[in-house]
Amino acid sequence: TWATFLATVAVVAVGAYYVVRATKADAPLVNQLCFIDVDLTASDATDTDATADAASRSGRRSTARTRGTAWTCLYQPSAAVVDVAMTTPSLGRRIAVDDAASSLTLPDARLALWDRSTAVVADGLLSRSIGDGVGRRGGGLACGDGGRISSLARPAWSSQHIIGDWIDGTAMPFVAGLTADAFGRVVGQVQNPLDEPLEKSVLLYGSYALSLGSLDPGQTVDVDGRGEWRSTEAYLTRQRLNEDRETAQRYNSTEFDLDRIGEVIGFYEASGGKQYVGLDRRNLERLDLTEQLRLGRAVLIGKARSGVRVSISPSDATDAEGEHSDFAATDHLQTTWWRFLIRVADVGPSAR
């Protein structure tokens, strides 16, 4: 009996070990949800190409404020001490201002790394080493500038959550020229300023939402009252006509659909808040653009295929030129929502 018992334990243990090895991925994986907000409502913003050219000739730079937030879950298959770097995406089409190309380049992204017991913030001006037993330099986790986290010690088959956060500016692109109409909607033109398709594009204004579908790079579409406008809440809750009444799709808080999660986080209050989602937003208030809709601004949202690039390299490993040699991280799941905040011209009291 004792012999068979020990043999059974050994067989089960060895079998479990090989089952785990067979089911675990053998390459780094990255799951990422990213928001990139471009504020086109600044006081020096321009909404037409003609006024932009005039501003360029006068020497005045029209700039758009930009803000990005990326949640990244990094899976590491083997135990190692690695450096993790983030490279933020650019605003594709370069806008020429004063004969100089300007794009959305963000070399000084601020990164925040959250662990069960440690929080680390690194920006382009500050380098810290905090925590006990997390990294290997001075007993802490060393963080460098330029969006790089250095000497991150991770065990095999482990996941790490990294939060990237940055603020910058870019030359003002033409995204939309919109005017409010008497029915609480907008008319005008909308353009995709990226050099890649903008999928699942939706224009939101007030209590209305207009689906624009997929916009090709540089594509311009006309917006008028004859489109398939829906209420913002109906769009966010995916209401469908069921017999003689509208029914909302139940939100599943356990699903891993990053598109759906991004929609709800971005317009939490407009979707019904906790009553619909069933979850508190906690520290995600700043990503909710519902208040911007209440202030009379329009928001163009769309999903891009490319997002924040995450590279992983063995710590202290350099190539012949002295640069860190990266080994690939597979983008297992990645969703990037671009959100353009647009100023709307008012036609008078009737529109309000």
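On cavities, the count comes to 2 of 30 Å³ or more. A cavity here is a set of points on a 1 Å grid over the protein atoms alone, where a 1.4 Å probe fits but cannot get out, and lining residues have an atom within 4 Å of a point. A volume is the space filled by probe spheres set on the points, which are joined across faces, edges and corners. This is a predicted model, where local features need pLDDT of at least 70, side-chain atom pairs count only at pLDDT 80 or more, and totals for chains, interfaces and linings use all residues. Residues are numbered from 1 along each chain as its sequence is written, and side-chain values use heavy atoms, with hydrogens and water left out.

The largest cavity has a volume of about 50 Å³. Its lining is F35, G262, E263, G266, F267, I301, W337 and R339. Helix α4 supplies the largest share, 3 residues; helices (H or I, at least four residues) and strands (E, at least two) are DSSP runs, numbered from the N terminus.

The second largest cavity comes to about 30 Å³. L74, Q76, V82, L152, R154, S158, S159 and Q160 line this one. Here β11 gives the most, with 3 residues, and β2, β10 and β11 each supply at least two.

Next, the sheet. β10 also belongs to an open sheet of 3 strands, ordered β10-β3-β21, with antiparallel pairing; two strands pair if DSSP finds at least two bridges between them. β10 and β21 stand at the edges with a single partner strand each, so one side of each has no neighbour in the sheet. Between β3 and β21 there are 6 bridges, and D83 stands opposite S313 in β21.

Terms used. On a 1 Å grid over the protein atoms alone, a cavity is a set of points where a 1.4 Å probe fits but cannot get out, and a pocket is an open set with protein on both sides within 12 Å along at least five of seven lines; lining residues have an atom within 4 Å of a point.
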